[in-house]
Amino acid sequence: MQTKHSIAIAILITACASTLDAQEQKPLTARELFYAEAAVPAAAKRPQAKATSPKLKPPAPKQSTVAKKTPPPAADPIRDNAPSSASDTKVVLASYTGGKPLGLRYSFLRKSDGDEYREVDPATVFQSGDRIRVSLEANDAAYLYVVMKGSSGSWKVMFPSPEIADGYNRIESGRPFTIPPAPGRFAFDEQVGDEQLFLVLSRKPEASIEELIYSLGSGSPATQEKAPQHVLMAQNLPDSLVGRLRNAVYARDLVFEKVDETTLGDRKEKAVYVVNRTGDPDSRLVVDLTLKHR
């Protein structure tokens with residue numbers, strides 16, 4: 001018969017195990033997904049072979065000294081047409097890190113003393129005279145598009161920009177930059193109101209956008225090697241196109257997280273992380289930003 005003490009210990013152990021299971025199943029936050037490494041496919045996880053004691057092999061029989069004629073192998077079209085060496089084989093590298101969630105980090109930089117720009121709370125209400133930039137960083141190679149809504153209702157292309165990489169809009173992992181690029185900045189005048197930005201980050205080029213912003217003669221940098229002759233047209237995007245792009249992404253696939261100095265972790269920052277957690281090769285994410293001016 002179990003004693004009361006043994007029953008209490010068993011209950012305590014069960015409770016601790018349940019707590020650990022709950023912690024292991026807790027979903028990652030957007031910032032954790034942003035910096036997470038690619039998931040290892042299940043097929044790549046193989047059980048380790050068990051160690052076995054070595055077995056003595058019987059001595060090999062003596063080979064006859066008389067050379068035997070070996071008939072030539074039968075024709076094999078697959079083998080015969082294969083590359084003669086490993087160096088002849090072309091390896092096509094993937095354009096993304098397989099299984100890795102696609103993420104974007106953004107923050108608002110406001111000009112302080114001198115020419116220094118510092119991160120502020122993304123919910124900051126800006127005042128007339130404020131000068132700001134938007135800092136952007138992706139966690140994987142992808143194509144970025146940033147448009148700003150004007151008073152006419154159309155969306156002006158802010159990125160790609162002729163001032164950044166000759167209008168080439170494929171960005172690399174871990175390379176932050178600002179919109180607009182320095183020395184440019186958004187300046188709030190006396191007229192109050194909200195400025196709206198719409199961002200698209202995609203592992204594949206968005207043809208519906210690129211056919212509007214790149215001239216037909218130069219072609220899109222997404223389909224060519226980076227070169228200075230690419231011509232970026234000063235085009236506006238219709239509101240209907242922005243709406244279609246916004247609706248093309250399932251909200252359930254996106255994870256948002258706003259962080260500041262009080263957020264747990266070693267990084268002390270004021271930023272927002274947006275992640276598409278699917279890890280698909282054609283994944284994209286969309287972000288609506290509002291610069292509040294009162």
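Select N276 to start: at 4% relative accessibility, N276 counts as buried (buried is under 20% relative accessible area, exposed over 50%, partly exposed in between, with a 1.4 Å probe and protein chains only). This is a predicted model: local features need pLDDT of at least 70, side-chain atom pairs count only at pLDDT 80 or more, and totals for chains, interfaces and linings use all residues. Numbering runs from 1 along each chain as its sequence is written, and side-chain values use heavy atoms, with hydrogens and water left out.

**Stop 1: around N276**

Stay on N276 and show its surroundings. Leaving aside neighbours within four places in sequence, N276 is in contact with P101, L102, D253, L254, S283, R284 and L285 (contact means heavy atoms within 4.5 Å). A polar contact of 2.8 Å joins the side chains of N276 and T278. A polar contact is a pair of N or O atoms within 3.5 Å; within protein, one must be able to donate a hydrogen and the other to accept it, and residues adjacent in sequence count only if both atoms are side-chain atoms.

**Stop 2: strand β13**

Helices (H or I, at least four residues) and strands (E, at least two) are DSSP runs, numbered from the N terminus. Colour the two faces. A271, Y273 and V275 are buried on one side, and V272, V274 and N276 on the other.

Which strands pair with β13? Select residues 102-111, strand β1: β1 and β13 pair in the antiparallel sense over five bridges. Then select residues 254-259, strand β12: β12 and β13 pair in the antiparallel sense over six bridges. Two strands pair if DSSP finds at least two bridges between them. Centre on V274. V274 is the bridge partner of L104, and F256 stands opposite V274 as well.

**Stop 3: helix α5**

Select residues 239-247, helix α5. The buried residues here are L241, V242, G243 and L245. Their cover includes β5, β6, β10, α4 (207-213), β11 (236-237) and β14.

**Stop 4: the largest pocket**

Select K149, Q191, G193, D194 and E195. Of the 16 lining residues of the largest pocket, these lie nearest its centre. On a 1 Å grid over the protein atoms alone, a pocket is an open set of points where a 1.4 Å probe fits, with protein on both sides within 12 Å along at least five of seven lines; lining residues have an atom within 4 Å of a point. The largest pocket holds about 350 Å³ of space. The lining divides into six nonpolar, six polar and four charged residues.

**Stop 5: the second largest pocket**

Move to K156, V157, M158, P160 and P162. They lie nearest the centre of the second largest pocket, which 15 residues line. Its volume is about 250 Å³. Strand β6 (residues 155-159) gives the largest share of the lining, three residues. Here the lining divides into 10 nonpolar, three polar and two charged residues.

**Last view: the whole protein**

Zoom out. The protein has five helices and 14 strands. Buried residues make up 34% of its 294 residues.

Notes:
Points joined across faces, edges and corners; volume = space filled by probe spheres on them. Nonpolar A, V, L, I, M, F, W, Y, C, P; charged D, E, K, R; others polar.
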